[in-house]
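Thanks, everyone. I will keep this short: a few helix pairs, and then a pocket.

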Amino acid sequence: MSAISWRAVPVWGLILALSTGSASAQAQRVVTLDDALELSGVAIETDTPATNPRLVGPRAESEAAAALVDQARLRPNPEVSFEVENLAGSGAFSGLQATEYTLSVGQRLELGGKRSARVGAAEAQAELAALRADLTTVELGQLVRERYLRAAAAAARVELAQDVVARNDELARIAGVLVEVGREPPLRALRADAALAEARAHLVEAEAESLSARIALAALWAGSEAPFVPADFPDILPPASLMAGAADSLTYRVARAESTAAAAEIERQRSLRIPDPTVSAGVRRFGESGDNAFLVGVSIPLPFRDRNQGNVAAAEARLRAANAREAVALADYEQAVASARAKYLGAEARVETVSQTSLPQAEEALRLVSIGYRNGRFPLIEVLAAAEARDTIREALIAAREQRGLAAAELIGLAAQ
């Protein structure tokens with residue numbers, strides 16, 4: 001028995017360290033799921049400036065795309081040209097007597113619907129960027145719910161491990177008393193001490209997993225400290241209907257916006273095939289005679305080689321790819337809804353069965369065996385077997401509640417519009 005106690009010393013040191021960290025965490029404000037959503041920026045208004053880097057980037061991209069729409073509406077700037085001819089030559093052109101000065105203004109005229117196509121493509125990109133920013137917010141909200149549920153499940157497993165340690169500590173004490181009075185062989189006490197050491201080690205593992213889950217949750221809003229998450233599972237209810245709005249889901253709308261943007265880009269590239277003439281008008285002054293003359297000119301590029309055919313072909317290929325992604329997104333959405341709904345219903349059934357039937361029966365069986373063990377009617381092995389069965393059922397209940405919450409969080413994300 002002394003050897004077992006000596007090996008448990010390092011474990012006890014780690015337990016004390018984690019217990020100290022747990023106590024300091026409990027001194028902090030308890031973070032609920034609503035608090036976590038607010039800290040991450042998911043629950044705040046859309047027009048409120050975001051501080052979470054996970055949201056700042058996508059929203060800045062949306063603002064940039066909106067600014068490009070305003071830029072696309074602008075027409076080409078006019079050009080001013082000033083030329084000096086017959087300057088500092090030889091003979092009759094020496095000096096400045098024969099110098100000619102020309103001042104002209106030119107304006108490029110956009111033909112082929114370039115401006116409307118450019119604006120349409122920019123507006124399509126702005127709509128796509130806005131939808132992607134909304135989708136980022138929805139995905140972050142789903143991730144917050146998932147990590148919060150995992151943190152709550154880890155906290156529940158810590159409580160379970162603490163109960164197991166307390167129970168095994170009591171069993172070890174009773175076994176020691178029974179061995180002293182000669183009602184149990186020394187082997188029973190060794191078995192009880194081994195079970196207690198194993199329970200303490202499992203508690204250390206559960207504490208570490210809980211800390212890791214809380215740190216992962218805080219990372220979603222760049223928190224510097226792990227929040228304290230209670231062991232109570234939040235009530236996350238899935239939307240009532242999903243399949244009727246499959247085509248209106250945010251995920252599918254993003255894929256559809258990608259196809260729209262790709263189609264608008266084709267129109268923009270096709271408009272660039274038509275050359276734009278530049279019309280100019282100006283005045284020329286002859287230095288020798290002092291006379292003035294007006295000038296009018298037109299220049300037109302000749303599209304003999306470059307008719308933008310490569311960019312048009314690339315845009316058409318991107319449209320085909322976007323249409324394929326749109327079809328895949330619709331099929332994947334319907335499959336994801338069916339899978340998440342099946343997970344939720346299955347987990348809900350398991351929670352109902354375990355909490356209402358299996359766990360009460362296991363608790364009663366453990367209670368009766370424990371009473372008989374204290375009175376010397378049952379051996380220690382029966383108590384340990386009953387306790388292990390009860391603990392397994394409690395772990396199954398925690399896992400079922402966690403799975404139910406994760407499925408509900410997924411359905412909420414899928415229903416976002």
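I start with helix 7 and helix 8, which are roughly antiparallel to each other; angles over 145 degrees count as roughly antiparallel, under 35 as roughly parallel, 65 to 115 as roughly perpendicular and the rest as oblique. Helix 7 covers residues 309-374, and its axis packs against that of helix 8 at about 160 degrees, 7 Å apart. Axes here are lines fitted to C-alpha atoms, for helices over the stretch in contact, with angles from 0 to 180 degrees between N-to-C directions.

Before going on, the basis: this is a predicted model, where local features need pLDDT of at least 70 and side-chain atom pairs count only at pLDDT 80 or more, while totals for chains, interfaces and linings use all residues. Residues are numbered from 1 along each chain as its sequence is written, and side-chain values use heavy atoms, leaving out hydrogens and water. Helices are DSSP runs (H or I, at least four residues), numbered from the N terminus.

Back to the pair. The crossing of helix 7 and helix 8 is left-handed, meaning the near helix is turned anticlockwise from the far one by less than a right angle. The contact of helix 7 with helix 8 has 25 nonpolar, four polar and eleven charged residues. Nonpolar is Ala, Val, Leu, Ile, Met, Phe, Trp, Tyr, Cys and Pro; charged is Asp, Glu, Lys and Arg; the others, Gly among them, are polar.

Next, helix 4, residues 114-180. Its 67 residues reach 97 Å from first C-alpha to last, close to the 99 Å expected, which is 1.5 Å times one less than the number of residues. Just after helix 4, glycine 182 has a positive phi of about 85 degrees.

How do helix 4 and helix 5 run relative to each other, parallel or antiparallel? They are roughly antiparallel: their axes come within 8 Å and cross at roughly 165 degrees. That crossing is left-handed, and its contact residues divide into 24 nonpolar, four polar and ten charged. Helix 4 and helix 7, by contrast, are roughly parallel, with axes within 11 Å crossing at roughly 25 degrees.

Last, the largest pocket, with about 460 Å³ of space. A pocket is an open set of points on a 1 Å grid over the protein atoms alone, where a 1.4 Å probe fits, with protein on both sides within 12 Å along at least five of seven lines; lining residues have an atom within 4 Å of a point. Of its 17 lining residues, the closest to the centre are Val164, Arg167, Glu198, Glu388 and Asp391. Helix 4, helix 5 and helix 8 each give two or more residues to the lining.

Technical notes
Grid points are joined across faces, edges and corners, and a volume is the space filled by probe spheres set on the points.
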